[in-house]
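Good morning, and thank you for coming. I ask you to look at the structure on the screen while I speak.

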Amino acid sequence: MDTGEVLKVYVFAACLPFSGKLYAKGSYDMREESWVDAHVSAFSSFGGTTPILVPDNLKQGVVKHTVDELVINEQYRRMAEYYGCAVVPARPRRPRDKGAVEMSVRVIEQRAIAPLRNQLFTSLRQLNEALLEKVREINARPFQRREGSRDEVFVRQEKPLLIPLLAVMLDTLDEPLTQM
């Protein structure tokens, strides 16, 4: 039922380090379930996982990150373990650790979210479809200062290095997914 209520949406952004290939997904909240779901969706979109995840230090992923101790959120840790990834959070107050994703957030804000700001979406699914289409356009656009596009560099040089999702699934066939 359409109530006409305006709902706030949070956008998860991910990028691969070499190609800069982007992924974005909106959700109604920033709870750990949404955080993990966004990662799983990104892995599916990329067709594989990276050996290392470098999240920001938000509570959905990192409970504690000090010089002496690193505590990863349990649900996030289990997801990373399931997909064969190590979680190495960006160091606090070290902007160089997250330069690629910070630039990606800006690109997604300017080239995907801003052009959609005056459109009316009646469901989160509808918004995510439009957002994904804009991100696809960004990934296909040629680079200005280097040859190719995000998609072309990804296919040629980065995709072969990803951990294929099929391999992840075959390794865990004995484990029920509900235990993740």
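I shall begin with the overall picture and then turn to individual parts.

Please keep in mind that this is a predicted model. The mean pLDDT of the protein is 85, and 80% of its residues reach 70 or more. Confidence is highest in helix 4, residues 124-140, with a mean of 97, and lowest in helix 6, residues 165-171, where the mean is 63. Where pLDDT is low, the predicted coordinates should not be read in detail.

The protein contains 6 helices and 8 strands. Along the sequence, these elements follow the pattern β-β-α-β-β-β-β-α-β-α-α-α-β-α. The protein has 180 residues, and 36% of them count as buried. Among the contacts with a separation of 6 or more, 60% are between residues 24 or more positions apart.

Let us now consider the start of the chain. How do strand 1 and strand 2 run, parallel or antiparallel? Strand 1, residues 10-15, and strand 2 run antiparallel and are joined by 6 bridges. Among the partners in these strands, Ala13 is paired with Ala24, and Cys15 is paired with Leu22. The two strands form a hairpin with 6 residues between them, and Gly20 in the turn has a positive phi of about 75 degrees.

I now ask you to find Ser19, which is located in the loop between strand 1 and strand 2. Is Ser19 buried or exposed? Ser19 has a relative accessibility of 1%, so it counts as buried, the cut-off being under 20%. A polar atom of the Ser19 side chain lies 3.1 Å from the backbone nitrogen of Lys21. The side chain of Ser19 also makes a polar contact, at 2.4 Å, with the side chain of Glu158. Beyond its neighbours within four places in sequence, Ser19 is in contact with Phe143, Arg146, Arg150, Val153, Phe154 and Glu158.

Several of these names take us to helix 5, residues 150-158. The buried residues of this helix are Arg150, Val153, Phe154 and Glu158. Why do they share a side of helix 5? They cover an arc of only 105 degrees around the axis, and therefore they are on the same side of the helix. On the other side of helix 5, Val155 and Arg156 are exposed.

Asn73 caps the N-terminal end of helix 2, with a side-chain oxygen 2.9 Å from the backbone nitrogen of Gln75. Just after helix 2, Gly84 takes a positive phi of about 75 degrees.

Next, please locate Val36 in helix 1, residues 32-46. Val36 has a relative accessibility of 6% and counts as buried. Val36 and Arg78 are 42 residues apart along the chain, and their C-alpha atoms are separated by 9.8 Å.

Finally, I turn to the cysteines. How many disulfides does a search of the whole structure find? The search finds 0 disulfides. Cys15 is buried, with a relative accessible area of 18%. Cys85 is buried as well, with a relative accessible area of 10%.

The polar contact between its side chain and that of Glu158 brings together two of the parts we have discussed, since Glu158 is one of the buried residues of helix 5, on the same side as the others. Thank you for your attention.

Methods:
Residues are numbered from 1 along each chain as its sequence is written. Side-chain values use heavy atoms; hydrogens and water are left out. A disulfide is a pair of cysteine sulfur atoms within 2.5 Å. Buried means under 20% relative accessible area, exposed over 50%, partly exposed in between (1.4 Å probe, protein chains only). Helices (H or I, at least four residues) and strands (E, at least two) are DSSP runs, numbered from the N terminus. The arc is that of the directions from the helix axis to the C-beta atoms. Two strands pair if DSSP finds at least two bridges between them. A polar contact is a pair of N or O atoms within 3.5 Å; within protein, one must be able to donate a hydrogen and the other to accept it, and residues adjacent in sequence count only if both atoms are side-chain atoms. Contact means heavy atoms within 4.5 Å. pLDDT is the predictor's confidence in each residue, from 0 to 100.
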